[in-house]
Structure formats: structure tokens, C-alpha cells
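Hi everyone, thanks for coming.

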Amino acid sequence: MRSFVLLLLAFGTLAAQDSATRAAEIEEARRKKAAAVKPETNTPLEDRLIHIKEGKVLERISAGIGGVRAKLGGLATGGGFAFGPEYLRRDLAGGRLMLRSAAQTSLRLFQQYDVHLLAPDLAGRRAYVDFYALHRNFPQLPYYGPGADSEKNDRSNFRLEDTDFDAAAGVRPFRHVTIGGSLGYLMVNTGPGTDDRYISTERKFAAAAVPGLARQTDFLRTTAFLQYDSRDIPGGARSGGVYAVQFRDYRDRELKRNDFQRLDIELQQFIPFFNQRRVIALRGETTLTWNRAGQSVPFYLQPTLGGSDDLRGFRPYRFYGDNRLAMNAEYRWEVFSGLDMALFADAGKVFQRRSQWDFSNLESAVGFGFRFNVRNNVFLRLDTGFSHEGFQVWFKFGPAFAASPIRQAGNPRVL
Amino acid sequence: MRTALLLLCAAAALPAAPKFYSDDPIWKEPAPAHVPDARKRKISDYYDFFLHLFGNPGQIRHRKPVPAQGVNTWGEVPDSAWYTNRNYWHPMTVAEIVRGPGDAQPPAESGRWLVIEAKTEGVTPGFRIRDARGTEYLLKFDPLTNPEMATAADVISSKLFYALGYSVPENYIVTFPAERIEVGDKTVLKDALGRERRMTANDVVDILLNVPRMKDGKYRGVASRLLPGKPLGPYRYFGTRQDDPNDVVPHEHRRDLRGLSLACAWLGHDDSRAINSLDLLVEKDGRKFVQHNLIDFGSTLGSASNGPNSPRSGFEYLWNARNAAVQFASFGLVVPQWERARFPRLPAVGRFESEKFDAAGWVPEYPNPAFVNRLPDDAFWAAKQIMEIGDEAIRAVVKAGRYSDPRAEEWVVGRLIERRNKIGRAFLTAVLPLDRFEARDGLLTFTDVAAKHKVAPARTYAIAWSRFDNATGERTPIAGAQGPRIPEGGDVCAEIRGDEPKKTVLVYLRAGKVVGIERSW
């Protein structure tokens, strides 16, 4: 009976019942269908989606008109939502040259203007050169005082206004390895903060206690770096690591009081297990500075701690110091193919003397997060960090540990 | 409701239609009706994804299973524009299986390969080329991280799908120096914004920078010979083409498409969705009709074309609310079996294994209506064919993938054999595993497929005979007629049982010829 119904359903119900053969029955079904054929169509929604994809509508919106588009976000944490026009061309010199320039302001009137000219793939992708120019005017950056003992309640704010020019070149002699250097000129000015909720920094702290607060200067800056990057997917690494070291020399061109050298070391390691659906992500990062007697590191160029990428239970820029140590550990697990969750622990400190480089007196934070990805690249991160100073919620585009101190072709905005 | 109406229609038709026609069982559908023209139809990846995840398109079985359609009275799929009976009913030699859809027309090695079209976007670059003989191919490559993985998979899987009866393109592993690629004078390239510009030799260099280079400086690719005919776009795994009069069986009920799920499970083809199929308007004997093909097997055998496949591949849909909830709530402490699967550290293989492979639980990336509707008899139909591809043939086909590392070749061979055997164990015994019925010398003979392939011990079966009325389908037991000897005179039916009462096979004979087979389970 089952097959009988089956056969009828297959060929018979549409066919004349007096077909003499199975073949005739099939042909009769076809004849009936032929009488009712119509052009193959999609739903209007699907047609629209096809049009969006084939017309590259999203890409065109993203690319803007004639290279001009809207740029959202990307300014300093705490500056409020930022937006502005951006000009981006990736098709110059047959696609071998990229030019990007943007002018942004934020709801708290932070401003940033930059130009980036990059030849990313020279010598068969073994070399790159770029030039970067940046002007920032951030009217209310937080400052809590120098060192690890600063108090949360001592929050002040100041204006940072700087202009930076930097030319860089790098080579990739081996797989995973990049060696490079840059030469730059940096002009800095600071001033009273505009956030009425907090006292201005120069009124809160004595100039003698905060190097660079009273007078700012210009710097000639040279940089050399070496990086080994074996991450499987930089936008959402599950295995491999990044090991980078960068040395920078800052020469005070005006006051002759702020010459210093800075060494950044960053280590990231991603340890996968259970077929990479679980990952232990580790990062250790330290910044050490040197200065001769009579010279100091100005506070606006000091390493900072606190924020969405290091101590996530603390406010951004919570700690300023000449030296810094930060460590992060994350346990990540895949909830489904588009979402990972994470439990994390952060620790770190700023310190005055390099001899204080140790694991004592660390500030710490713990928390959890969600990482949304498309094709294994994290495009949105939502982290909540807890510390003895309360909790912070971070809503960021891109993966954790993305803010590297290392000057790279794709990361020129490192002062 | 629709099913019920169809069944009512069928029931109402019973008195007027005989159970078997004189030409049953048919092994080849009648020549297709002429299709003067058909419109090319595109589909949206995203629409397809969400439609199948949340829309349940087509007639999906919920409470009542829907038997497969498009089959003859033996339950076999007749030759048609969808399917051709090959190795199971017409045993192919190993050489024929390796030959697949064809192996005599690789791109000519003499002369340049003219680029007609290039794909520069995304992570899997490629060219459409024309060789010196004027034959056109799609030239596709491996990802930088996994040389040989996608190209070998494409070649191996296409040959195995072909042996199983499906229409596929000819695929060739090719190696060539960069100089062989020449850009045509009129070749245009679409940039990331869809703007067209003239393609240059530099574009070829850029594309080849994303392709693994062999030790001798050459490049390796898979050249897929363009199928003849006018491309009409993919077919869907539900409904029928509205403009094709020959397409009368809803795709979700086609046995060849339901059974395809097992072939996809075997070969790890989790990308078995509409986008990897192609309808073509072809002409044969002066008649145009729509030919249905499977294409693009770069995402099989542990490959995802642009890298190794996800370890989840085949075990879970991309979205599974229950599993996601478990992971969310358990902080990842609940570890699914597939996360413990072990994969080789062989870049040419990707993530292809057999230890955790669950033949019955295998799923593609998202629900496929034909796969969802699969019933035990559909699975038996497919499993017996897969089991018929022997170890020697598998070894020979995998060799055609031209892995440079013998460990990769051995791994793939081993996994294919083990996965095939798991499919046999899972599906051959879900029904009575009897097939190849014949009336010979007054006896009904058959093959125990499960025993033949050693997935179950040989068993004895009880046979009881009855007479049946071809006009009504009614059966009347013949007293004392037991065993394999066929009762004389008239139309008779053998009911075969094993030790599981629900599993039976009814074999209908008319004039000493097996005309029908019905399975129940």
C-alpha cells in the first residue's frame, strides 16, 4: 500500500488514470505541468538580497561616494560616540597604494584628523612603506595623578592636543616575521580640561609632581621593532601567538628636558583545545622607559593602564606611570559558530622605577564577555569587568588584545 | 494538510489505476519534454540560510513521513536528467570509477591559457580560462595554508559522486607555470566595489600570490571543465522548477536527493546546499531540457575551500538553539563529541575523520529539506550503493587527487573506507537488507546486502506467498505456499520476514518477472 500511494504521488496523481503504461503516466504528468509552466521567480525579499550582494551595495556604502564615506568610532575611550567623513582609496597605483584620511569629532568634542598613505605589498608582499600624519584635540582626557597610588576620587581632566608625522618601512624576510622602523616628529600641547564634572588637571596636581604638565615640547622620534606573528586568524585568533619588541627614542627638540627611551614588549599566546572550540588566550605586555638625570617622561607620553584592553574593571587611563606591566588571561568557549563567550582575569601595575618590575602590588580585574564573529573574525566585543573600584562595561568593535603598542603598517597610530 | 490532500487524491484514484503497468519497473524516464527556454535564476546565500534554518521550506515531514517519489516500482530511481544508475546496477571497473565523468580532456598543456574571467574577491581566487583547443575551464586553487587540500577534494569527490549516479563536471588536477596564464585583450575584472576595469598581467600576479607555490615554482589547481548548456542557476532542495515541465516531483521527495545525504555524509560535503548545484538547459537529439548537476566539491573531505573545515562540520547545524543554550549555560564545560575528534596534522587533509563520524546523525551546515525527509528506505537505497564502491576503487580514486604526501593519501583512503562502513552499519539494517530480487528456475532469489558487506551476519528469512489482484492491489494468501519456490500461475506476491516483525519486504511477480518491491520497517 505504501509503495502504491508512493507511486501515485510520484507520477500518478497528476496523470490521467487511464494511462496504459508508467511512461505514459509520467508523460501525462509532464503535459499537465507544461500547461501551467511559468518563469522561475524568487520572492521580492530574495531578489533584493541578491541585488544587494551582486550590486555590492554594502561595499559601496562602506566605500562611500568617490571614496568619501562616514567613519564611526575609533577615537579615545571616553570621548563619546565619534563620527566624521573619511576618504579611502585602495585602488591607487593599480591597487598598490592606499590613501586614507579622516576628520572626526565626538559627542564630547574630541577631534581627530589623520592621513595615512600606505604601500602595503612591495617586493612580492615582503615589504611595505607608509606615511602617517595625525592631529588630535582631546579636550577632556582623564588623569588621576601619577603612579599606582593615585586615587579614583582624584580624577581630573586635561586637554591633549598633539600633531604627529611618522614615516615607516618594514620588511617581512621570513614567514610570520616583520622587521621595521620609523622616523617621526611629534608636537604636543596640553591645556585645561573642559569636563565640568571634574577638576582640571593643572588645578588638581602640582606641576612639579606631573612631568610635562607645565610646559610641553616637540619630539623627534625614532622607532625600531621586530615582530613574530603566527596567529591563525589575526581578527579572531584561536592558535599561534604574537611576540613583539619595539624600541623608541624620543628626543626633546625644544625644552631639552624630556629625552627618554621606551621599550615595549608584547607577548600573546593562544592555546587551543577541544578542536579550537576552547581557547586559553594569554597576553603579557610591559613598557619600560629610560631617561638620563634631569630628563623625564612627560605624563602625556607615559604608559597608561585601565580600559577595554588591559584592566577591564577600571576606568580608562586610570593609572599613569613611567613603566607598566599588564597581563591578561581569557578562557574562551564557542557557544555557536557566530559567538564565543569568555571569562577573563586581568592584572597589572604602573611603576616608577624599572627595578620595581615584579608581580607584587598588582591591580586586578575579572569579568566575562561575548565575542561575535563572522567567518571567525570578531567584529563586536562586549566585555564586563569587575574590580575593587566597581565595574565597567565595554562595547568594542574588534577582538580583545587588538590594541598593540607596536608600530605596524596597519597600526600607525602609536604615539 | 497538503499531504493529506495528496493522499486523498491518490486513494480516490486507486480503483482506476492498476497496481503495475506493463512497463514496470521502468529504468529510464521517457525522453524529456522539450523546454524551449528557461530563465536563469539566482539565489541569495543569506536568504537560503535563514529560510532553511527558520522557514522549513517545502513539505517537511513532521508527524507523518512522506514516502519518496520519482522511483520505479522497485523503489529505484530511473535514469533521468537528475540521476543515472551507474555502479550499483551496472558495475563499473576501477578504471571507470577513476575516469568518472571524463578524464580525456584536461586543459591543453601546449599553448597559453587565456583568462576570460577572474575571481579576485574573497578567499578562494580563481580564473575562467580557455585553453589552446578552445575548451573552457574554471581554474580553482588551494588556500595558502593548505596546499592540495581543496583541489584534491574536488577531484576525488566528483568521481565518487559520479559513480553514485549524479551528474558532475570533469575535474582535473593541473600544474602549470605562471607564464602559461595569459590575460585576454578584452578580459575585464570587477573590483571590490563591482566596478569593471581591464584585467592586466599584474592582476594575475596578485591572484597567484594568494595561491600556494610548488617546490618547482609551478602552481597547482583544479581545472573544472565547463559543463555544456545554458546555465540556469542552482536548483533548490524543495519544490519544483516552475518553468520545467519535466520537473514534476517535489525535490524534497526525490529519492536521489534524499539519498544524496548519505553520499554527502560519506564525503563530508557539509556545503551540500542549493548554491553548489547547477541547472543547465542542454540539447540532446534536438530536444532541449533541464539537466541537474552537482558542482564544486572543494568543501569536502575536511576542506572548507579556504581552509580546513570546522570541526563542527557534519555534527551540528551552524545554528542549533539547544546546543547553544547548553554551551551558554555551562561555560563550555559540556564538551560535544565532535570537539574530541582527532584530526591529522596534515595540511592537505583538513578536518576529515571517521572515529567520531556519526553516519545517522550527520548534518550539513543547515537543514536541507530533502535530507530532512529521508526515510529508512531512502537511506537503504543510498547505503547499498555507497557500500558497493570497494576499497580498491577508493584507493584508486584518492590517488587521482595527487597528494604529494603519501600519509595524506593513506589517511583519506582509510577515513573513506571507515566512514563507508559506518554508513553500511547504520543504514543497511534499518530495513530488511534484501535486494537484487530475481525469479530464477522457479525460485525467488535475492541478496542479503548487509551480509554481503559483512555489516550483519547472514540470516534466514521466512517467505509466505499470496496472490494479488493487479486491479485492486488486494492480496490473498496461498495456503501452504512457503519458501523460495514461486507458486505457479497468476500474479503472486512474496512477503519476506526476518526476526524483526515490523521489517518486511513484499516482492511482486507477474508472469515470472519481479515487477514490484515494497519495504516496511
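First, the ground rules. This is a predicted model, where local features need pLDDT of at least 70, side-chain atom pairs count only at pLDDT 80 or more, and totals for chains, interfaces and linings use all residues. Residues are numbered from 1 along each chain as its sequence is written, chains are lettered from A and ligands numbered from 1 in the order in which they are written, and side-chain values use heavy atoms, with hydrogens and water left out.

Helices here are DSSP runs of H or I with at least four residues, strands are runs of E with at least two, and both are numbered from the N terminus. Axes are lines fitted to C-alpha atoms, for helices over the stretch in contact, with angles from 0 to 180 degrees between N-to-C directions.

Let's start with α6(B), residues 255-267, and α9(B), residues 376-387. Their axes come within 8 Å and cross at roughly 50°. The pair is therefore oblique (under 35 degrees is roughly parallel, over 145 roughly antiparallel, 65 to 115 roughly perpendicular, and the rest oblique). Contact means heavy atoms within 4.5 Å, and on the α6(B) side B:Leu262 and B:Trp266 are among the residues involved, with B:Trp381 and B:Ile386 among those from α9(B).

What about α6(B) and α11(B), residues 406-427? Here the axes come within 9 Å and cross at roughly 145°. The contact is made by B:Leu262, B:Ala265, B:Trp266 and B:Leu267 of α6(B), and by B:Leu416, B:Arg419, B:Arg420, B:Ile423 and B:Phe427 of α11(B).

Now for the loops. Is B:Ser354 buried or exposed? At 2% relative accessibility, B:Ser354 is buried (buried is under 20% relative accessible area, exposed over 50%, partly exposed in between, with a 1.4 Å probe and protein chains only). Leaving aside residues up to four places away in sequence, B:Ser354 touches B:Arg415, B:Glu418, B:Arg419 and B:Lys422.

B:Ser354 sits between α7 and α8 of chain B, and that loop also holds B:Phe331. B:Phe331 is not a glycine, yet has a positive phi of about 55°, and is partly exposed at 41%. B:Lys454 also has a positive phi, near 60°, and is exposed at 74%.

Finally, check your backbone: B:Asp24 and B:Pro25 are joined by a cis peptide bond, with omega about -5°.
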